Amino acid sequence: QKMPPSLPATINIREPRWDQSTFQGRAKHFFMVTDPRNLLLSGATLEEARRVVEDYRAGTVHPGLTEDQLWRAKYIYDSAFHPDTGEKMILVGRMSAQVPMNMTITGCMLTFYRTTPAVLFWQWVNQSFNAIVNYTNRSGDAPITPSQLGTAYVSATTGAVVTALGLKSLTKHLPAIIGRYVPFAAVAAANCINIPLMRQRELKLGIPVTDESGNRLGESTAAAQKAIFQVVVSRIGMAAPAMAIPPVIMNMLEKRAFLKRYPYLNAPLQVGLVGLCLVFATPLCCALFPQKSSMPVSSLEPEVQDQIRKKDPWLETVYFNKGL
């Protein structure tokens, strides 16, 4: 029996498998990255994927390795290891944990929105989870001190909880359906607070910018601002369907006899509806912007422009990892 031909060492697995200049290509990429099944992979599977990817990048092709197996290893590796630091990411902070974690938290936020203690508790749980995700998926490889992390977490969580309670008090005299949208408004506002605070080090010191080949050219705060803005928009978009569609359906069901007869089904139904929305909203909203984002050199800070011009006077575009 003939051995299959050896795989060429020229496949660029530093980039995603699909064309990232199109929304469709980015959506296919993020459906792989956010697949919750990646959470069930063993440590041995993750390490094997890391070995295959790192060996291939170094020019060593494992005997019998097929192209599909190589891409599978790359996506397993990407799901668990940080693109800039190479460290294994915290399990609940990985993008593959987004659907199961958000499904549970959002479902509970939408179910238990009537009392102040419940609003306080679930907003705190949500912002604690968001803080872990924002830290895990930050851009760049600079370390963050525990005191910086603690300050950011407390500020972000307090801001989110205060927003939720403020909005809840405003809706007391409005129709019940409006009250159901308080969690979404609070989550949208909180994303605008939580993400910049958890990634404030990037806003102060900048994130690495590279040329098309990945050669590091310097750190830019302008790139950090663009990266964080794109992530905020994606996250609000991600939350929108899951927090906007189920309240309408639940409002209709609560007026019918079904939920009055089986009130204990309220929370599981809500969580299930949210999960259904998130399975699609998470990858599609991650795909709104390329993960390897770009901007003209002319839009960077003057000192970074000068630094780049000394290295490459003709370079027009720089690239950076926007984070997720």
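Trp122 has a relative accessibility of 18%, so it counts as buried (buried means under 20% relative accessible area, exposed over 50% and partly exposed in between, using a 1.4 Å probe and protein chains only). Phe121 sits at 41%, and therefore counts as partly exposed.

Before going on, bear in mind that this is a predicted model, where local features need pLDDT of at least 70, side-chain atom pairs count only at pLDDT 80 or more, and totals for chains, interfaces and linings use all residues. Residues are numbered from 1 along each chain as its sequence is written, and side-chain values use heavy atoms, with hydrogens and water left out.

Back to the rings. The structure holds 4 aromatic pairs; here, rings of Phe, Tyr and Trp (its six-membered ring) pair if their centres lie within 6.5 Å, with planes under 30 degrees apart called stacked, over 60 edge-to-face and the rest tilted. One of these pairs is Phe121 with Trp122, an edge-to-face pair with 5.0 Å centre to centre and 80° between the planes. Ring pairs also bring in Trp124, giving a cluster of Phe121, Trp122 and Trp124. Another pair, Tyr77 and Phe81, is stacked, at 5.0 Å centre to centre and 20° between the planes. Tyr77 and Phe81 are both buried.

Now hop along to Glu301. You'll find Glu301 in the loop between strand E3 (292-296) and helix H13 (302-311); helices (H or I, at least four residues) and strands (E, at least two) are DSSP runs, numbered from the N terminus. Glu301 counts as buried because its relative accessibility is 14%. What does Glu301 contact, leaving aside its neighbours within four places in sequence? The list is Glu219, Ser220, Thr221 and Ala222, where contact means heavy atoms within 4.5 Å. Ser220 is 81 residues away from Glu301 along the chain, yet their C-alpha atoms are separated by 7.0 Å.

Time to zoom out. Among contacts in the chain with a separation of 6 or more, 74% are between residues 24 or more positions apart. The chain has 13 helices and 4 strands, and 47% of its 324 residues count as buried. Along the principal axes, the C-alpha trace spans about 65 × 60 × 35 Å.
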